[in-house]
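Here are some notes to read beside the structure. They cover a pocket and a sheet.

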Amino acid sequence: MTRPRAEPDRLVPAGVFVLALAWHWLQGRWLPTPVLLPDELRAADGARAISGGARSGAQSLYSLASAPLWLGSVGTGYALAKLAGAVLVAAASWPAYRLARLGAGPALSGAAAALVVLAPATVAASQIGGLALAYPVAALATLWLARYLGSGEARTGAAALAGFGIAAAAWPPLVLLLLAAVIAVAARSFEARRLAQWPGAAALIAVPALAYAGYYVARAASPAFALVADGAWRDLPRSSLAGFGAFALGLGVLPAIAAFGAALDRRRPERPPIGGFFVVGTVLLALGGGIEAANAPGPGTRVVELTLLPVLPALAALAANALTRPYPRPAMLAVGALATLGIAAVPSAVSDGFEPRAPGLELARRLGSTPWAWWLAIAIAVALVALGPRVVGVRGGRRRRTALLVALVLVAVAAGELAAGASARREARSTARTAGHALPTGSGSVAVLADGPVDRRTATLLFWNPDAEIVVPPLPARQVDPLTGTITPTLPSSDYVLDTNGARVSGAIVARTSAGTLIRPAPPSQAAEAVEGLYPDGWSGAQATYRRFSVQGPGSVQVTASRRAWSGAPVPGHVTVLIGPLDATPRVAAQFVLGSQAERIVLLKAPSQPFQVVVQSETFVPAQHGASDPRTLGVQLSFRYRAAR
């Protein structure tokens, strides 16, 4: 007795799921440390705070769901989070396949499912954050929405809206897709002509505007998003188009064009009934990504592609349907023009390095970011639009040609995914060499002194050390008593201090790491050294004093006295350098004369206890010698202490 053949509708999505799971698991294994920073740090801190961590972070449904993964060590939690992300993103293949089957056969639906779970933007599977959890939920909700729009069954519509709500709770930007779903359900439930009447027209305009405004205000106010309120709004159209262009490039261009063509073709009753939802959702998410890109602080590509990932199941289903029969040339040419504009917006935004928020750009960036390469990509997009109806719609051999076209798209997508994964791995390895490790502090708390904004290195350090906290305000914003070294306001109480810019607090140096100097502070909140008698530009008056409070045995201090900045007439230049313990009268260590544009370096043996260096110099007033500076100046000074090894 022969066994029945496995149904394609079971075998195809299962095969895609296994392939995607294996790939994303390997991709996660290749990443030694997070790359999407500080987003992954905030997401991990939110989950660790629930599971008993010391530091708070971004709170969402993802935090609650992933908290058990972080009950062990940081390394174990990170590995489990990446594995969970691989499973979740791969699981989107099932609803994506069923959604595509509403308008295409098993083969094209399988290709659509593969596109959904293997596109470059799915590198989110290896990133800690709510997108990996929200993605399969949004795909399932899109399937339910399509079924509701086709049947009108209220239970299915409610399930779709609930699914989008859960996805938005896991990843807040998906509230925009929820808004698109609400509009689609409302359009299905009410007669279209009522929307042109009052108050329907007002609701059509006001409700989306208010919802989106509330969403952005919540994002701007939330510490989970590093946005600023006064971003370059003039860049919003370009940033939104560039995000769409990056998304289209990562998909091999044709699927995006075919999906929009199918969505705009009202003469295709057999298509999945989600065309309006797809168009509205894409526009809203592109605008959301444009706002995030335009307001992103610091350098970068100013392109955010990941916000568009949740519409990929709908896009793939519509693209698969478009390839089942000829599609109208005018609609495809119009959509091709839009894709061309999006791709054309990318060159001015792309940077020289890998941007984890726009992985679809990586293959194009590797092929060359020169203008001719970008215009070649645009020419290919236009050619695909122009030749698409002929390639797919001619009689005789249509299936073979369609299969060839699909294969070319999947090859381009796979190449983009490989390029994005390789670049993410290289970026992660580079970061891991400097900060991707735990500090030798055991379970002790660590106060991190970082002068500027949290950069990639500092964020990686915080990720691997949950007991570490950034000191706010930073050390340069605090006052240091030049007589005692007392820091005001006092530093937070901690077992250790990690100074990313030297060793500026008093205490025993525990270790010098690639991330900074680890110090056991003693006494607490005391600077390692202080200088009295210097202007901000380094000039002294008649006397300046350098005091060293943190001394661990013998050492040396280098004193640099300079008048290189003075090129005027000769002025008195006798300089005396004295050194001695803080509790004793300093002795003369060096005397010399410093002329115009001259410099002198003096190396002194330092006592094995807290000490001071006093520099006395003859003064002059530049304003009395033809300059504009009215100050009484001595010499420009700098001090550098070195402990004996």
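1. A pocket here is an open set of grid points where a 1.4 Å probe fits, with protein on both sides within 12 Å along at least five of seven lines; a residue counts as lining if it has an atom within 4 Å of a point. Note also that this is a predicted model.

2. How many residues line the largest pocket? The lining has 38 residues, and Ala503, Arg504, Glu529, Arg548 and Tyr641 are the ones nearest the pocket's centre. The space in this pocket is about 1,100 Å³.

3. Of the elements, β15 gives the most, with seven residues.

4. Sorted by class, the lining of the largest pocket holds 21 nonpolar residues, ten charged residues and seven polar residues.

5. The strand β15 also belongs to an open sheet of three strands, ordered β13-β10-β15 with antiparallel pairing. Which strands are at the edges? They are β13 (599–606) and β15, each of which pairs on one side only. On average, neighbouring strands of this sheet are turned by 15° against each other, with direction ignored.

6. Look next at the pairing of β15 with β10, which covers residues 555–562. These two strands are joined by eight bridges in the antiparallel sense. For Gly555, the bridge partner in β15 is Ala643.

7. To sum up, β15 gives seven residues to the lining of the largest pocket and is an edge strand of the three-stranded sheet.

Technical notes. Residues numbered from 1 in each chain as written. Predicted model: local features only at pLDDT ≥ 70, side-chain atom pairs only at ≥ 80, totals over all residues. Heavy atoms only, no water. 1 Å grid on protein atoms, 1.4 Å probe; cavity = no way out; pocket = protein on both sides within 12 Å on 5 of 7 lines; lining within 4 Å. Points joined across faces, edges and corners; volume = space filled by probe spheres on them. Helix = DSSP H or I, 4+ residues; strand = E, 2+ residues; numbered from the N terminus. Nonpolar A, V, L, I, M, F, W, Y, C, P; charged D, E, K, R; others polar. Pairing = 2+ DSSP bridges. Axes fitted to C-alpha atoms, helices over the stretch in contact; angles between N-to-C directions.
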